[in-house]
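Thank you all for making the time today.

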Amino acid sequence: MDGETETRAKVFKALSDPKRLAILDLLREGELCACVIMERMGMGQSAVSYHMKSLCDAGLVTPRQAGKWTHYRICPAGMERAAGWLQDLAQEGEDHVGCCAE
């Protein structure tokens with residue numbers, strides 16, 4: 001596999017977890033402190049850190065350190081890239097209509 005495929009896999013793996021999707025829904029409100037995410041998700045610090053690392057490594061979320069807390073926000077460029085990949089797949093699929101429609 002090439003680097004692009006690995007990058008896409010990392011993004012879609014990050015998006016495949018229900019808790020990470022719920023965190024992304026929270027972040028639609030804007031930047032949030034990890035402490036707020038912990039409270040709203042009913043998760044401990046280590047669980048939030050685990051999920052945020054996955055989202056950050058995938059380029060979907062951007063962290064900002066403020067004292068002892070980290071604040072997170074959605075990375076529009078990362079989301080646009082992921083949406084573009086899905087759009088490309090959907091477009092390619094339209095070129096082969098009939099293969100799955102039966």
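Before we look at any pair of residues, one definition is needed: two strands are said to pair if DSSP finds at least two bridges between them. Please also keep in mind that what you see is a predicted model.

Let us begin with the sheet, which is open and has three strands in the order β1-β3-β2, with antiparallel pairing. Because β1, residues 32–33, and β2, residues 61–66, each have a single partner strand, they stand at the edges, and one side of each is left without a neighbour in the sheet. Between β1 and β3, the latter covering residues 69–74, there are two bridges, and these strands run antiparallel. If you look for Leu32, you will find that its bridge partner in β3 is Tyr72. Lying against this sheet is helix α2, residues 18–27, which touches β1, β2 and β3, and whose direction makes about 85° with that of β3.

Now to the helices, where I would like to ask how α2 and α4 are placed relative to each other. Their axes come within 10 Å and cross at roughly 75°, and since angles of 65 to 115 degrees count as roughly perpendicular, α2 and α4 are therefore roughly perpendicular to each other. From α2, the contact is made by Lys19, Arg20, Ile23, Leu24 and Leu27, while α4 brings Tyr50, His51, Met52, Ser54 and Leu55. Sorted by class, the residues of this contact are six nonpolar, two polar and two charged.

Helix α3, residues 34–41, also meets α4, and here the axes come within 10 Å and cross at roughly 110°, so α3 and α4 are likewise roughly perpendicular to each other. In this contact Ala34, Ile37 and Met38 of α3 meet Gln45, Val48 and Met52 of α4. By class, the contact of α3 with α4 holds five nonpolar residues, one polar residue and no charged ones.

Finally, let us turn to the largest pocket, which holds about 160 Å³ of space. Which residues line the largest pocket? They are Lys10, Lys13, Arg20, Tyr50, Lys53, Ser54, Asp57 and Ala58. The elements that give two or more residues to this lining are α1, residues 3–15, and α4, residues 45–57, and α4 gives the most, with four residues. When the lining is divided by class, it has two nonpolar, one polar and five charged residues.

Terms used:
Residues are numbered from 1 along each chain as its sequence is written. This is a predicted model: local features need pLDDT of at least 70, side-chain atom pairs count only at pLDDT 80 or more; totals for chains, interfaces and linings use all residues. Side-chain values use heavy atoms; hydrogens and water are left out. Contact means heavy atoms within 4.5 Å. Axes are lines fitted to C-alpha atoms, for helices over the stretch in contact, and angles run from 0 to 180 degrees between N-to-C directions. On a 1 Å grid over the protein atoms alone, a cavity is a set of points where a 1.4 Å probe fits but cannot get out, and a pocket is an open set with protein on both sides within 12 Å along at least five of seven lines; lining residues have an atom within 4 Å of a point. Grid points are joined across faces, edges and corners, and a volume is the space filled by probe spheres set on the points. Ala, Val, Leu, Ile, Met, Phe, Trp, Tyr, Cys and Pro count as nonpolar, Asp, Glu, Lys and Arg as charged, and the others, Gly among them, as polar. Angles under 35 degrees count as roughly parallel, over 145 as roughly antiparallel, 65 to 115 as roughly perpendicular and the rest as oblique.
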